Amino acid sequence: MSEGHSHGGTIPSAAGRHRKPLYIALSLTLTYMTAEIVGGIWTGSLALIADAAHMGTDAGGLALALFAIYFAQKAATSQKTYGYLRTEILAALTNAVVLLLLTVYILYEAYKRFLSPPEILSGPMLAVAAVGLVVNLISMKLLSAGSSESLNVKGAYFEVLSDMLGSLGVIAAALIIMYTGWTLADPIIGAGIGLFIVPRTWTLLKQAVHILMEGVPIEIDVPSLEKALLEIPGVTAVHDLHVWSITSGTDSLTGHVVVTDMKDARAILMNAKAVLEEKFKIDHVTIQIEDEEMRTAEPLLRI
């Protein structure tokens, strides 16, 4: 006996309600990221270009939040039984790889500027950075309400919050150059912003690869989960237990549960599902109930 179900990709209501602020914040971020790239080339500021890369991480985070909402609506098909939920993970992987390569470029540019500092237009640099700070504050205001209701929106909110710190760094570099003439402040802060991207981008890369490799969700301890199932009255063994994420926030489990009496199978199955949902927040479950005779016969049936 086994039981399972498919969610078909439903949207968390909180994330769906805050889709419009996410779109506005993404539009503002992409527009200003382009302005920073142009401004960085015009003023000669590596810090501006590095902050544009930083805003690229924000744009990626906002886009992923929207992708998660959009693709969760697409129904599964006979060829894609999980629907398109993994698109979020593929986008995250691509985003992480591009940003890590971009960081290498920023550090290389910083090294060249240490050897031969270029002339930097601190006034325009300050103006562009100040506009960026305003854009980040507007985006934070738009996302603040949703960040308390949805983890998806909360992640996007923290992306924008961290970029606000990057804008402050560029403003600091512009002021230092304006009042002291010390142009090395630009590559130093530019390299700092580039390095600031690395830890969270590396984390994003590891999480994406972990999900694609169908690793166990980090918040779930499999030995504890197995112990909880074994504590259910009538259960004698648990085997072939697999736990993985279809996409972030959507975990699944399959496994075989051995029972003393098949007459109790329905009650044990309902109990197991309740334990998994209440203690481990897993409600996408497929469990095969079997007795010892069926378990012993399994290796023979696989031949």
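Begin by selecting residues 21-42, 48-72, 84-108, 120-139, 160-182 and 188-205, which an unreviewed UniProt entry lists under "transmembrane region". Please bear in mind that the model on the screen is predicted. Two of these spans may be examined individually. In residues 84-108, the C-alpha atoms at the ends lie 38 Å apart, and the span is 88% helix and 0% strand. In residues 188-205, the end C-alpha atoms are separated by 26 Å, and the span is 100% helix and 0% strand.

Next, display the whole protein chain as a cartoon. The chain contains 10 helices and four strands. Of the 303 residues in the chain, 46% are buried. Among contacts between residues at least 6 apart in sequence, 76% join residues at least 24 apart. If you now switch to a surface display, the accessible surface comes to about 15400 Å², with 65% of it belonging to carbon and sulfur atoms.

Which residues touch the most other members of the largest nonpolar core? Select L22, L62, M125, L143 and V170, which hold that position in a core of 40 residues. The elements that each give two or more residues to this core are α2 (19-43), α3 (46-72), α4 (87-115), α5, α6 (151-180) and α7. The largest share, 12 residues, comes from α3. There is also a second, separate core of 23 residues; to locate it, select A228, V243, V257 and I282, which are among its members.

Return now to M125, one of the residues named for the largest core. M125 lies in helix α5, residues 122-147. Is M125 buried or exposed? Its relative accessibility is 0%, so M125 counts as buried. Show the surroundings of M125: beyond its neighbours within four places in sequence, its contacts include T43, S45, A47 and L48, as well as V170, A173, A174 and I177. Then select G39, whose C-alpha atom is 6.9 Å from that of M125, although the two residues are 86 apart along the chain.

Move to D251, in strand β3, residues 250-259. D251 has a relative accessibility of 10% and therefore counts as buried, the limit for that term being under 20%. Display the side chains of D251 and S245, which are joined by a polar contact of 2.7 Å. Leaving aside neighbours within four places in sequence, D251 is also in contact with P217, E219, I220, W244, I282 and H284.

The last two selections concern backbone angles. Most residues other than glycine have a negative phi. Select E214, in the loop between α7 (185-212) and α8 (222-230). Phi of E214 is near 55 degrees, a positive value in a residue other than glycine. With 45% relative accessibility, E214 counts as partly exposed.

Finally, select K281, in the loop between α9 (265-280) and β4 (284-290). K281 is not a glycine, yet its phi is positive, at about 60 degrees. Its relative accessible area is 65%, so K281 is exposed, the limit for that term being over 50%.

Technical notes. Residues are numbered from 1 along each chain as its sequence is written. This is a predicted model: local features need pLDDT of at least 70, side-chain atom pairs count only at pLDDT 80 or more; totals for chains, interfaces and linings use all residues. Side-chain values use heavy atoms; hydrogens and water are left out. Buried means under 20% relative accessible area, exposed over 50%, partly exposed in between (1.4 Å probe, protein chains only). UniProt positions are given in the numbering used here, feature names are shortened, and annotations may be inferred rather than shown by experiment. Contact means heavy atoms within 4.5 Å. A polar contact is a pair of N or O atoms within 3.5 Å; within protein, one must be able to donate a hydrogen and the other to accept it, and residues adjacent in sequence count only if both atoms are side-chain atoms. A nonpolar core is a set of buried Ala, Val, Leu, Ile, Met, Phe, Trp, Tyr and Cys residues joined through side-chain atoms within 4.5 Å. Accessible areas come from the Shrake-Rupley method with a 1.4 Å probe; for residues, only the protein chains shown count as cover.
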